[in-house]
Amino acid sequence: MIHSLFLINHTGDIFLEKHWKSVIGRSVCDYFFEAREKAVEPENVPPVLQTPHHYLISIYRGKLFFLSVIQTEVPPLFVIEFLHRVADTIQDYFGECSEGVIKDNVVTVYELLEEMLDNGFPLATESNVLKEMIRPPTILRSVVNTLTGASNVGDTLPTGQLSNVPWRRVGVKYTNNEAYFDVIEEIDAILDKSGTTVFAEIQGVIEACVRLTGMPDLTLSFMNPRLLDDVSFHPCVRFKRWESERVLSFIPPDGNFTLMNYHVSSQNLVAIPVYVKQSISFFETGPCGRLDITIGPKQTMGKTVEGLMVTIHMPKAVLSANLTATQGTYTYDLATKVLVWDIGKLNPQKLPNLKGSLTTQAGTPKPEDNPSLNIDLKIQQLAISGLKVSRLDMYGEKYKPFKGVKYLTKAGKFQVRT
Amino acid sequence: MLDSNKDSLKLEAMKRIVAMIARGKNASDLFPAVVKNVACKNIEVKKLVYVYLVRYAEEQQDLALLSISTFQRGLKDPNQLIRASALRVLSSIRVTIIVPIMMLAIKEAASDMSPYVRKTAAHAIPKLYSLDPEQKDQLIEVIEKLLADKTTLVAGSVVMAFEEVCPERIDLIHKNYRKLCNLLIDVEEWGQVVIINMLTRYARTQFLNPNMNESLLEEGSGGDRTFYGSDEDEDEDEEEKEKKAETPAMAKRKPYVMDPDHRLLLRNTKPLLQSRNAAVVMAVAQLYFHLAPKAEVGVIAKALVRLLRSHSEVQYVVLQNVATMTIKRRGMFEPYLKSFYIRSTDPTQIKVLKLEVLTNLANETNISTILREFQTYIKSMDKDFVAATIQAIGRCATNIGEVRDTCLNGLVQLLSNRDELVVAESVVVIKKLLQMQPEKHSDIIKHMAKLTDNIQVPMARASILWLIGEYCEHVPKIAPDVLRKMAKSFTNEEDIVKLQIINLAAKLYLTNSKQTKLLTQYVLNLAKYDQNYDIRDRARFIRQLIVPTEKSGALSKYAKKLFLALKPAPVLESPFKDRDHFQLGSLSHLLNAKAGGYQELPDWPEAAPDPSVRNVEVKDSVPEWTKCSSREKRKEKKVEKPFYSDSEGESGPTESADSESDSASGSESGSGSEESASRSESEESEDGSESEEEEEEEEEEKEKKKKKKELKKPVQESEREMNTVTAESHSHFTSLFSVEPAPSPQVTPVNTFLSNSLVTDLEGLSLSDTVLSPATIAPSSALKNYELLHRITGEGLSVEYCFSRQPFSPDANMVAVQMQFTNNATADTKNLHIEDVKLQSGMRVKEFSEIELLPAGETATAVMGIDFCDSTQAANFQLCTHTRKFFVSIQPPVGELMRPVFLTENEFKKEQGEQ
């Protein structure tokens, strides 16, 4: 299935290659570079390319291209999903997925790739199983290793692969048993010029951090599970219990993992936490324009809005911006034409305002298009959909774990059109 | 360093070598030095040596042979993981000489105790096949063997091997079909993708098209829709039961009845739509798209829309597929219209695809919203995207008549846009729109004629010229003037523009030769000496055609007809039209070209192939009634199949260890197999408990026996519960039910009483194949037999009956009564049937089919249904043989009239409240 993998950095250097079948020469990447040239932005490179003898499927993550070479028919999503899994695993192992980190740990990465695919077919992709075979490096361990000459490769054989619960290793032990759940919701919305909602939905995710001894069996129940419109689960969740009782019942993997993703789509349920008053205009005469933006709270359910930030992709003709902000700071990047206004906490008494003039290139006609505003915000201790975890029960183990739930609302793809 | 005695030095050396390999540098010179270390004790060094070996063995075949013996030793290791890794490396070394050794190793590993080793063997099969395709026949044997494997670990890998080695051998799947369907949910995610794709192809060859009665369906769509619609919301297991009840009714209307195996596949894949893996979701979606009845396809829309939140690459692929789907089934995605709205931050390719989807979704009702949305897109900074939007508006306008004028006006406004690309694109689109009704729009044509001075984009210029030429009658004054201007600039134009100038000239010459004769001559002369031979050709051709000379043939008379014939308006089509002949989600579909190794999705068969091929052998003879009842059914509905007659028996032949067959299961197998897949939702948790049992079965047979004894008691308890409880609200009560997993005689009915938490514990872990098979809640052991006819009064024929506590498939309101006929006489009894049924009002009886022959000393079972109308009144009828008639009656005890229903606590309270 997957023949070879090339890791390519943003300048177009191949810095790692791995072949699961016969070796394929690097020249195959030339087709990719060609397409890369054509697409201005790296995001615009088509994920699937056809060459005379091979198919190239690539993803773009963390300024790196993961390029896989395929020879025969295979579902493209299969490959794309796998490549993302590779990137996730690298991130999980080393904290970030970047060229530097991969170059530093090239042997470990190579071993990981060896274990993840066999003859091009995924073999072990669960991070728990992998970690048992190849231990992730930690500072302590690397110190110990240099002193004692021990290695990163697990000397025990991975038993997780054999068990019925492949995502959890056996014999987990902790002195502090704890289970934390973060309910994170992102608001995706498009508001039009006048501030009415064109489209809004909530994308939620429950991230868990579970450090429990033994083989605990957890049941997480919600106060109002009917809110959830569409869900997808980590494989550990028993789908049937969800279907029948609307509770999440699972034997958790060890450590951090994403328990479930959900979706609240009915629009009237989606509260928009802020409103934006804006006017951006360019004058027909003279090379200038005016910008005036005010943000105020709308439906925040009594919580404060933090981390407020407005990003505007200006038209190419805008040369500079001369603005004053009543709160926060703004920057205008000339090269990328991006105006960022970092506001911080939203004070309902004194609404933040950004006002001033824009200078456009002289001689060019006034820009036709008005840029749209991307808004970023955070609300702590609130799940905007109103979802609440009611309780967490544990079966199968005797001790009492420490439990905690945290809520967070963020803006996802929150866009205001002008 | 490699020769050093110290492991740490060796390790350091190997690490450097592997780093070299990773960077793509050649390290093959070191081969001899590295191979020496293959037997190294240090596990990390060993691993790295393996990595090296797999990479370079192909280039240094002779030296690689040195290492083989190490692996052969590894294959015999008591530790399964070492066996597996030895096989893995051995099979990864691409050296032709060792093919026989590999073959042998694979064969051995295929029958290994450990499923993990068997999985590795499955992985090794395609490797060997690519090395030496001549081994195909032997490998197919191994695949066949592994396909019969019942562990989830192996299933995915072996199907992958099947797809690579022998995808055409669909016959190998028959026997494993039901097992694969049932295992599916527990296979690891990558395996799921492969299996689902394979099953899609399989189903296409084996089942009938569920939409073949589309027209019929359409007529009665109201009823059908609601029926399907409702069961989508409800628990899906309900579906099966409902289906059952519905079947006779639907059968009357249309002859198509879905094969139960087909239904099984759809039902078992549906939960996978909730997978976190986009590839799995896509695989299920394509399966539904290709296989499900039209009304059920809708369920996939929500899941696909969810994927749009994922990485942009995933979005790209999903949108491609959605675009194809929207052409065929527009209604499916209409509710999610807004999810396809475009954000300014999307990459261009995503924007264009979303636009495509929006265009496909446009219809009379939502067009105004879509057009408003398009208006904002036109202001975007991304010019390629704006061009695509204009195209999209054009398509909407052609498809939906009512908005044509609005669109046209909007587009005309765009003509004054400052951006030339936008204008050019609008011109091209307007040209297409105008062709539909040119009479009304001569002013637009005039306006466009003016644009020729400004627009430089060749395609747009060509479009304008064509328009003027085509409709020169509508703009008689302007046309010659345009030609004059064009003639002036002819030499500087692009080729397509030149061609259109010639065209224009020719057309004008024919309609208005007085004014344009000279101009035309001039243009043609210019064209004659053009560099491009197409243009020279065209000029020559047209000159002959339109300019009358002595030599000009008959054709010139018809020149006017040739040039000014009415041309049909172009149909603006989606580029995704007809893409669905490729299997959705496949690489070929994405590229719209056949990729290597692509397996065509076969068309539905005209007539369903024999469904019995999927039946798995049952050791003992199938109870006779199964045959006759299925025969009877076949009479009723043409394509009926023996219902699950032994679907659960797969485990049969291989799992001989399970021979502790319960006597009850023998007598009951009849009714059990008559069963439809499920009875109520309560089965769900049953599956869990059962699965747990099955696992243990595999691992520790003995312990289970012990356990079984312990479990006897709760079983009876559960039976009492069954008899008396109607609406047991307790959500845990399901675990009290005993389970009869398989009707085939050799499979043990497993009765469990486990604490609820334990049940749910293990629910997710189900492994074995019978787990999710359509098992029934049948009280296994203590069904009470009643006597209907004593052997003395019956002259040797004795009849006993019991209430089998299964839903009676033809009619849900009826109680199934299982009759057992024993012929104790010396002569054969013939034509056993029912006559002269005397009933209280409201009661109904569904007779069993006639038993034609009951030889002496033999026993037969049959099932009849009686609707007692919730009363305990007896059903009286005559039981007839070929010689005699016996008056008999059946009176039900109260408990037998009830049916367990699964309710959540809340539902129960609600019910209670109503009463």
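In which helix of chain B does B:Arg201 lie? In this predicted model, B:Arg201 belongs to helix α11, which spans residues 189-206 of chain B. The relative accessible area of B:Arg201 is 5%; because the cut-off for a buried residue is under 20%, B:Arg201 counts as buried.

The surroundings of this arginine can be described from its contacts. Leaving aside residues up to four places away in sequence, B:Arg201 touches B:Glu163, B:Pro167 and B:Ile170, and also B:Gln583, B:Gln599, B:Glu600, B:Leu601 and B:Pro602.

Of the contacts in chain B that link residues at least 6 apart in sequence, 70% join residues at least 24 apart.

The description now turns to the partner chain and the interface. The size of an interface is often given as the accessible area lost when the parts come together. For chain A and chain B this buried area is about 9100 Å², with 56% of it on carbon and sulfur atoms. Within the share that chain A buries against chain B, A:Glu73, A:Leu77 and A:Lys240 supply 8%, more than any other three residues. In terms of residues, 104 of chain A are in contact with 105 of chain B.

Polar and charged interactions also cross this interface. The count of salt bridges between the two chains is 10. One salt bridge joins the side chains of A:Asp188 and B:Arg309, at 2.7 Å from N to O. Polar contacts across the interface of chain A and chain B amount to 33 residue pairs, both residues being at pLDDT 80 or more. On the side of chain A that touches chain B, helix α2 (residues 76-94) of chain A gives the most, with 8 residues. That side of chain A consists of 48 nonpolar, 25 polar and 31 charged residues.

Finally, the confidence of the prediction should be considered for chain A. Its mean pLDDT is 83, and 90% of its residues reach 70 or more. Among the elements of chain A, strand β5 (residues 64-70) has the highest mean pLDDT, 91, whereas helix α6 (residues 139-148) has the lowest, 57. Where pLDDT is low, the predicted coordinates should not be read in detail.

Notes:
Residues numbered from 1 in each chain as written. Chains lettered and ligands numbered in written order. Heavy atoms only, no water. Helix = DSSP H or I, 4+ residues; strand = E, 2+ residues; numbered from the N terminus. Buried < 20%, exposed > 50% of the residue type's maximum accessible area, 1.4 Å probe, protein only. Contact = heavy atoms within 4.5 Å. Buried area = accessible area lost by both parts, 1.4 Å probe. Salt bridge = Lys/Arg side-chain N within 4 Å of Asp/Glu carboxyl O. Polar contact = N/O pair within 3.5 Å; in protein donor to acceptor, adjacent residues only side chain to side chain. Nonpolar A, V, L, I, M, F, W, Y, C, P; charged D, E, K, R; others polar. pLDDT = per-residue confidence, 0-100.
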